[in-house]
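Open the model in your viewer and follow the stops below in order.

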Amino acid sequence: MFEVLGRTEGKVTAFRMLKPDDWHQHMRDGDMLKLVGPMVSKRFYSAIIMPNLTPPITTAQQAFEYRQRILDATEPGFIPLMTLYLTDGLDPEEVRKSHNAVWAIKYYPRGLTTNSDSGVKNPADLWTPGTKPYDCLQVLAEQRGVLLLHAADGFDRAGAELDPYDQEKHFVMHTLPEIIKAHPRLKISVEHLSTKWGADFIVTHGGEYLGCSLTAHHLLLDRRDVFRGGFHPHRSWMPVIQPPEHKEALRHLATADKPFVWLGSDSAPHPRVKKEAACCASGVLMAHAGIELYAEAFEDMKALDNRFERFASLNGRKFFGFINDHMQTIELVREEWKPQPLFYAESGENLDVSELVPFRLGENIRWKLAA
Ligand code: DOR
Ligand code: ZN
């Protein structure tokens with residue numbers, strides 16, 4: 001389906017592709033959702049909606065109501081795929097009840113990222129029979145739902161606090177193998193993979209039951225970009241952006257054409273005041289250029305071809321069992337543009353708390369969505 005529509009001096013200048021899906025999207029709620037919703041539905045056919053609202057989405061009823069608010073804020077036809085937030089108290093019966101309302105359950109290690117205070121305190125509960133998180137995952141596996149992992153450990157087994165740059169490494173080496181061993185028939189997606197250790201693990205063990213999503217920012221940036229000339233709060237996420245060799249490993253994985261690797265933007269907007277604060281909130285809006293930034297990364301990786309379409313539009317839906325052979329397409333043209341500041345509060349009374357800084361504010365983005 002991927003079709004080149006224009007080429008100048010060997011460079012692709014326009015192309016058409018199957019409308020992609022975003023397997024990791026923070027659409028937020030309220031006024032922010034109204035701003036972000038159309039950005040997402042213009043570019044994506046469907047999206048997995050993250051449940052880390054305050055309070056988090058922990059019941060089928062909440063997921064159902066949130067889904068309706070998303071439908072109200074997006075273009076007709078867009079399909080929000082809902083998720084539940086795994087807490088220490090989530091009842092396996094609620095997971096059973098949610099069968100028709102949710103596609104996945106999200107694991108957050110407590111305290112390691114935005115709105116993760118309700119996350120699981122003890123990662124060992126994921127593989128220890130008799131705990132509620134374990135039982136929830138058993139039910140999820142029966143239902144063929146997907147466990148979405150924020151793959152980070154806060155502490156090593158001796159209880160020492162880990163460096164943020166080592167959190168994914170520790171998880172992949174010590175926690176993920178235990179989860180897989182305890183739940184061999186559970187589909188697991190390692191979210192926003194960010195390290196070479198993660199990439200090695202996925203290449204070795206990826207398949208029908210294990211895959212990963214990749215963000216555009218982890219493919220485009222490395223740690224030098226975050227600290228060049230000072231710290232850049234608008235290039236700050238969890239998991240952290242790692243040194244260059246990790247970006248190279250992720251790029252290698254993205255272009256290796258593996259069916260267990262797919263797009264998950266982790267677009268995660270925060271008001272400007274929360275980013276430029278004493279404690280910078282992790283996460284940045286990517287939805288304003290949610291597919292364009294990936295096109296840039298894939299062009300840089302010399303893989304702007306069928307491989308891009310499989311990564312963005314086919315691999316994820318197969319893994320998640322989202323059987324929906326739509327034929328909708330989008331077109332992208334090679335035309336530079338600069339993102340502008342965004343304002344989301346309807347009242348607009350307090351611009352300080354209602355301004356959003358999109359990724360690459362005032363800088364060039366190389367690809368543009370054709371109207
Ligand atoms: O950078 C991040 N922002 N990482 C997460 O895991 C959560 C997200 C958010 O919700 O802001
Ligand atoms: Zn996220």
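**Stop 1: strand S10**

Select Leu210, Cys212 and Leu214 on one side of S10 and Gly211 and Ser213 on the other: both faces are covered, and these residues are all buried (under 20% relative accessible area with a 1.4 Å probe, protein chains only). Five of the five residues of S10 (residues 210-214) are buried, so the strand is largely enclosed by the rest of the structure. Strands are DSSP E runs of at least two residues and helices H or I runs of at least four, numbered from the N terminus.

This is a predicted model, in which local features need pLDDT of at least 70, side-chain atom pairs count only at pLDDT 80 or more, and totals for chains, interfaces and linings use all residues. Residues are numbered from 1 along each chain as its sequence is written, chains are lettered from A and ligands numbered from 1 in the order written, and side-chain values use heavy atoms, without hydrogens and water.

**Stop 2: the neighbours of S10**

Val190 has Cys212 as its bridge partner in S10. Between S9 and S10 the chain passes through helix H6 (residues 196-205), a right-handed β-α-β crossover (clockwise from the first strand over the helix to the second, with the strands pointing away from the viewer).

Next, select S11 (residues 261-263), which pairs with S10 in the parallel sense over three bridges. Here Leu263 is the bridge partner of Leu214.

How values were computed. Buried < 20%, exposed > 50% of the residue type's maximum accessible area, 1.4 Å probe, protein only. Pairing = 2+ DSSP bridges.
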